[in-house]
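I opened this model today to look at its sheet, its charged pairs and its surface. My notes are below, in the order I looked things up.

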Amino acid sequence: MQWSGTLFAETGAAWDSGGADKFYSSTGAEFVADLNLFYLVPVRARIGYAHGFDDTIGDDRVYLSLGSSF
């Protein structure tokens with residue numbers, strides 16, 4: 001079993017042609033736990049919070065993710 005945490009800040013833009021018109025920024029934090037389900041299946045659980053700074057599309061989000069390698 002392993003526990004870890006992450007703090008992040010990011011800025012990015014997307015475009016089809018030419019240059020980017022607007023860049024969007026966000027920050028957040030997440031907590032990650034590597035667990036063994038029934039002592040058999042390795043599972044990575046991730047819970048986090050992200051904040052978008054744009055007035056139009058920026059939101060506060062809480063997310064949960066469960067996954068495993070195969």
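These entries go from the sheet to the loops, then to the salt bridges and the nonpolar patch.

**Ground rules**

I am working with a predicted model, where local features need pLDDT of at least 70, side-chain atom pairs count only at pLDDT 80 or more, and totals for chains, interfaces and linings use all residues. Residues are numbered from 1 along each chain as its sequence is written, and side-chain values use heavy atoms, with hydrogens and water left out.

**Entry 1: the sheet**

I began with the strand order. I found an open sheet of four strands, ordered β1-β2-β3-β4, with antiparallel pairing. The edges are β1 (2–12) and β4 (60–67); each has a single partner strand, so one side of each has no neighbour in the sheet. From one strand to the next the twist averages 15 degrees. For that angle, axes are lines fitted to C-alpha atoms, and angles run from 0 to 180 degrees between N-to-C directions. I take strands as DSSP runs (E, at least two residues), numbered from the N terminus, and two strands pair if DSSP finds at least two bridges between them.

**Entry 2: the pairings**

How many bridges join β2 to β3? I count 12 between β2 (residues 24–37) and β3 (residues 41–52), which run antiparallel. Two positions I looked up across this pairing are D34, which stands opposite R44 in β3, and E30, which stands opposite G48 in β3. On the other flank, β3 and β4 pair in the antiparallel sense over eight bridges, and here I47 stands opposite L64 in β4. A reminder to myself: side chains in a regular strand alternate between the two faces of the sheet.

**Entry 3: S26**

Next I checked S26, which lies in strand β2. Is S26 buried or exposed? S26 counts as buried, at 15% relative accessibility. My classes are buried under 20% relative accessible area, exposed over 50%, and partly exposed in between (1.4 Å probe, protein chains only). Leaving out residues up to four places away in sequence, S26 touches F8, A9, E10, H51, G52 and F53, where contact means heavy atoms within 4.5 Å.

F38 has a phi near 55 degrees, positive although the residue is not glycine. Y39, in the loop between β2 and β3, also has a positive phi, near 60 degrees. Both side chains got an accessibility check: F38 counts as exposed at 72% relative accessibility, and Y39 counts as exposed at 82%.

**Entry 4: salt bridges**

My rule asks for a side-chain nitrogen of Lys or Arg within 4 Å of a carboxyl oxygen of Asp or Glu.

- K22 forms a salt bridge with D54, with the closest N and O atoms 3.3 Å apart. This pair links distant parts of the chain, since K22 is in the loop between β1 and β2 and D54 in the loop between β3 and β4, 32 residues apart. K22 is partly exposed at 43% relative accessibility, whereas D54 is buried at 14%.
- R46 and E30 meet through their side chains at 2.7 Å, N to O. R46 lies in strand β3 and E30 in strand β2, so the pair ties together parts that are 16 residues apart in sequence. R46 is partly exposed at 26%, and E30 is buried at 14%.
- R61 and D59 form a salt bridge at 3.1 Å, N to O. R61 is exposed at 52%, and D59 is partly exposed at 40%.

**Entry 5: the nonpolar patch**

Which residues form a nonpolar patch on the surface? I list M1, W3, F31, I47, Y49, V62, L64 and L66, with about 950 Å² of accessible area together. β3 and β4 are the elements that give two or more residues to the patch, and β4 gives the most, with three residues. M1 sits in the segment before β1 and is exposed at 73% relative accessibility.

For the record, patches use residues with over 30% relative accessible area and no salt bridge; nonpolar side chains (Val, Leu, Ile, Met, Phe, Trp, Tyr) are joined within 5 Å, like charges within 9 Å. Accessible areas come from the Shrake-Rupley method with a 1.4 Å probe, and for residues only the protein chains shown count as cover.
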